[in-house]
Structure formats: C-alpha cells, structure tokens
Amino acid sequence: MKKATTILMLAASTGLASCTAQSPKANMKNDVDTLSYMMGISNTQGLKEYAMNQLGIDSAHFADFVKGIEQGTKSTDPKNVAYTAGMQIGQRVGGDMIKMINRQLFGNDSTQSLSKENFLAGFFAALDDKALASVDSASMYVNTKAEEIRTKAIEAQYADYKKENEAFLAENKSKEGVKTTASGLQYKVITEGKGEVPTAESRVKVNYKGTLIDGTEFDAREGMTFSAGHVIKGWTEALTMMPVGSKWELYVPQELAYGSSATGKIKPFSTLIFEIELLEIEK
C-alpha cells in the first residue's frame, strides 16, 4: 500500500494525472489527497456502461459527455443531450457526492475533507482511460485507507471519552470479585450455575441488561435466543465460560464490543456493562 501511494505521488508531481489540459490535475501531498484521487477513480465504476446503455449516448460523443460532467462540477450551462447528461452527473459529483463521502469519512469534523481537486483529477483520468490505477485497485485502496482515516478522525473526536472508559476499566479490575481474562474482558460472578457450558456453536437463551459506564441503559431483553458465536467478542468469550444457570456482570472493553463504531446510544470506544443470565442451551 505504501508503494502504491509513493508511485501515485511521484506521477502526480510530474503532471501525469490529468486527462485533458482543462481537467483538474492531481496534487497529492498526503494520504487524504491520495485517497481523494482514488475515490475519484473508484466512483467512475460502471459510468461508461451507464452512459451508453441507459442514457443512450453514442461512443463517438462520449468526450462530450465527459466534458459535460467536467463543466457540471463547475456549474456551467448545458449545450446538447450528451453534454446535458454529463452536466447532471457532474453537478452531483462536484456537490452532493463529495459532501456525502465527507460525512461518511469525517462525520461532524469540519476541519477535514476530501480534496475536490484530486477527487476530480482521479475521476476524469479514469474516464479518459489515463488513470494511475485501475478502478478495482483504486476501490481496494479506498476500502482500506478510508477506514484508517475514518478511525483516526473518530479517535480525535472521542479522545477524552476513550480515556474516560479506559480509566473506568483500570479502576474496576481491582474491585472485589472482578476477574480479568487474557483478552481484557472483566467479569464478576453473581450466581454460579451448575449446568452445561455452551460452545461458540451453541444456541443459547438469556436475560440481559446493558448499560454504559455512566449508567445509561441502551438495551434490555428477556428470553433472548441467539448463537453464542454470532455476538460481540466479549459476549462470546463470557458465554463459553458460563455454566447454564449462571448470572454474571460483564465489563466489556471497546475492543471486544463495537470499537470505533457507534450504534444507538453506544458511542465509539464505549465500555459496555452487561448483567447477563444464562437460562439454557437450546437443543
């Protein structure tokens, strides 16, 4: 991945990334710039086929279609059918698409955004078959790098909350009755059952309640059934140690729960506290 980034930056610096004299030129100085370019390439996937098969644009006029897209990103007026179709797509590419990707990548962090210049450089280079990477390789790069950048942005946004949860676990592990496994899962036995211990393949029935470290309840169920191996890692680990009839309190670190993802009332990097009662293993 590092090699690909280096090649892209070298090519961009020599001016090889533009598909026409008028198209935006890539200027990739960092990972976000490179991601922007790769995003531009990957978002052309299927566009030629769509233009020709769905919009009825003749291949002889595809250059006009691309020109329309280019002008559409600059919000100029359409000239003809192919140009108009390109204009409509260009307005979406230059406006809503980039805004949507920015929201997905950076959330509410207004200090970071894709480079529109590099995004469009990759987009038009791909349409002109002169891109520095194939659509497939650009998509693979985007999938990897976008998640890395998204995680860094979320870590910066929730740094204080992450520290608060880490401090909770550090203090909690020394409390009476609390045990810690090699993975970092903490638990306390409230009632020790005497039944069979499930495997990850077992289908189990439980009662449970889930809260955050500040006491916020985010979920509670009775008689819930599921496969012990198809839940968060912290649950799977606990369930495969609990005899039927047991009631435990779990303190699940974010690495064994939802990590940097948010779901409902659960913020990124949340430690999850569960009171869980294992009722039975379904046969």
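Start by selecting Tyr 208: its bridge partner in E4 is Arg 221. This is a predicted model, so keep that in mind as you look around.

Strand E3 (residues 203-211) and E4 run antiparallel and are joined by 8 bridges. Widen the view to the open sheet of 6 strands, where the order is E1-E2-E5-E6-E3-E4 and the pairing is antiparallel. At its edges lie strand E1 (178-180) and strand E4 (217-227), each pairing on one side only. On average, neighbouring strands here are turned by 25 degrees against each other, direction ignored.

Among the residues it touches are Glu 176, Lys 247 and Glu 249. Trp 248 is another contact of Lys 188; the two are 60 residues apart in sequence, yet 5.6 Å apart in space, C-alpha to C-alpha.

Then move to the largest nonpolar core, which has 37 residues, and select Leu 35 and Phe 119, those with the most contacts inside it. Helices giving two or more residues to this core include H2 (31-42), H5 (81-106) and H7 (135-157). H6 gives the most, with 8 residues. Around Leu 35, look for contacts including Leu 105, Tyr 141 and Ile 149.

Last stop: a second, separate core of 27 residues, which includes Val 204, Val 206, Leu 239 and Leu 272.

Methods:
Residues numbered from 1 in each chain as written. Predicted model: local features only at pLDDT ≥ 70, side-chain atom pairs only at ≥ 80, totals over all residues. Heavy atoms only, no water. Core = buried A, V, L, I, M, F, W, Y, C linked by side-chain atoms within 4.5 Å. Buried < 20%, exposed > 50% of the residue type's maximum accessible area, 1.4 Å probe, protein only. Helix = DSSP H or I, 4+ residues; strand = E, 2+ residues; numbered from the N terminus. Contact = heavy atoms within 4.5 Å. Pairing = 2+ DSSP bridges. Axes fitted to C-alpha atoms, helices over the stretch in contact; angles between N-to-C directions. Lists of a residue's contacts leave out its neighbours within four places in sequence.
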